[in-house]
Amino acid sequence: RLQVEHTVTEEVTGVDICCCQIQLAAGASLADIGLDAVGVGLPRGRAIQARVNLETLQADGTVIPAGGVLSAYVPPGGRGVRVDGFGYTGYATSPSFDSLLAKVIAHTSSQDFGAAAARTSRALGEFRIDGVGTNIPFLQTLLNHPAFLAGEMHTRFVDENAAELVRLADERASRRHDSFDEPASNDGTLGTVADAPHDPLAVFTHGQARKQLAKPASEPLATPSAQLQGPPGCVAVLVKMQGRLVNLAVGVGEQVHKGQLLAVVEAMKMEHDVKADIGGIVRQIPIPVGKVIQAGFPLLFLQETEQQDHAAVEDDDIDLDFVRSDLAQLFERRAYTLDENRPKAVERRRKTGQRTARENVEDLCDPGSFVEYGGLVLARQRRRRTAQWLLENSPADGLVTGLGTVNSHLFDAERARIMVLAYDYTVFAGTQGSSNHYKKDRMLRLAARLRLPVCLFSEGGG
């Protein structure tokens with residue numbers, strides 16, 4: 001399969017990997033598409049890929065997803081610059097997908113890494129995206145950082161230097177916005193075409209570009225005046241990012257304190273907590289669970305109340321017994337796999353003096369070390385069985401498998417690891433189903449790759 005960074009390989013080798021995949025899938029050989037010759041694939045020059053994401057970074061390292069409608073999308077171009085993206089003016093972003101908007105790839109024919117970094121930074125600086133926040137200033141800050149240019153970056157670099165990097169990125173962002181602004185001059189003219197003073201078509205081209213950038217989005221962003229109005233005297237709690245409301249932790253009429261969890265918003269495949277900035281009583285919740293809410297819009301309205309400082313401190317204690325609704329569903333789903341919730345199946349084993357698969361795994365592995373793989377899969381019989389029947393009668397599709405440790409008190413953690421596969425006779429008499437078979441193949445391949453010992457409980461009626 002293709003890696004996200006395949007563009008770098010394509011630029012330094014001159015090979016269109018996507019095209020090659022399609023040709024090979026159609027039956028062509030490496031010789032047919034010219035990939036068997038000596039020297040094919042040797043890198044030429046340097047290339048850097050920058051992922052332009054709909055997100056911004058906070059000083060504490062927190063990533064805040066952005067969303068909305070692109071009021072301008074003008075990618076850069078020129079020699080050695082490639083952009084793979086899906087944006088366009090008027091595009092409405094979706095919180096259901098990854099935050100990646102475009103990939104900017106810059107290539108230089110020389111081995112000068114600094115030149116490749118400079119070209120990438122310049123290309124990003126020429127990339128105009130309006131209407132949503134992006135990480136372009138942050139990317140430029142990294143590309144121009146001495147540690148990056150010297151090859152001294154490491155995986156914790158951003159976390160350890162977040163505050164300074166964000167400060168530099170914010171400074172760059174202010175300059176970047178200024179460079180795209182083109183206000184009317186004092187003499188009544190609009191902008192300038194000084195870059196091409198001898199081009200008779202420059203004015204026409206310049207005017208067309210400005211019209212394109214000024215074209216209204218097909219779905220214009222809502223303005224503050226269009227926001228929902230709450231009850232008189234109430235304060236709106238605004239969401240900082242566009243996303244889908246997946247959970248409400250409070251209800252109308254409930255007293256909340258500053259810092260209390262109010263809701264969970266899902267954006268770009270990540271969940272983000274929304275907490276109260278003030279204490280008060282919830283008076284209105286205009287957004288139902290499951291709906292997408294835009295950044296800057298009210299999630300709920302609070303009537304602010306006076307609270308003693310000590311009361312707020314006491315309320316800051318986390319309720320460790322609180323379980324979100326989605327987590328409760330997961331717990332309920334996992335409960336179907338446990339022996340204590342399958343009394344009839346366990347009783348049948350006891351009548352014949354036999355043990356369950358999970359009892360064998362538990363006794364084999366060190367306490368708490370077993371990590372199950374694919375425990376929530378079911379038999380693929382949905383056309384002839386109800387979902388509830390499959391939940392009750394085909395947990396894990398009859399194969400309990402995963403990684404654990406054995407005798408870790410005698411061996412180090414690496415040498416104590418073991419792969420365990422236990423066929424569950426209580427599920428179709430241990431017969432291999434489709435999901436069961438897939439799990440078995442997957443775990444044996446993994447055991448071979450990691451060079452792990454395998455313990456197989458192969459009980460079955462077939």
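**Chatting about Thr356 and its surroundings**

Q: Let's start with Thr356: which residues does it touch, leaving out those up to four places away in sequence?
A: Thr356 touches Asp339, Val346, Arg349 and Arg350; a contact means heavy atoms within 4.5 Å. This is a predicted model, where local features need pLDDT of at least 70, side-chain atom pairs count only at pLDDT 80 or more, and totals for chains, interfaces and linings use all residues. Residues are numbered from 1 along each chain as its sequence is written, and side-chain values use heavy atoms, with hydrogens and water left out.

Q: Which side chain makes a polar contact with the Thr356 side chain?
A: That's Asp339, at 2.6 Å. A polar contact is a pair of N or O atoms within 3.5 Å, and within protein one must be able to donate a hydrogen and the other to accept it; residues adjacent in sequence count only if both atoms are side-chain atoms.

Q: Is Thr356 buried or exposed?
A: Thr356 counts as buried because its relative accessibility is 5%. Buried means under 20% relative accessible area, exposed over 50%, and partly exposed in between, using a 1.4 Å probe and protein chains only.

Q: And where is Thr356 placed?
A: Thr356 is in the loop between helix 11 (343-351) and helix 12 (357-364). Helices are DSSP runs of H or I with at least four residues, strands are E runs of at least two, and numbering goes from the N terminus.

Q: Switching to the whole chain, how many helices and strands are there?
A: The protein chain has 14 helices and 19 strands. Of its 462 residues, 36% count as buried.

Q: What about Leu327, where is that?
A: Leu327 sits in helix 10 (residues 325-335), and counts as partly exposed because its relative accessibility is 31%.
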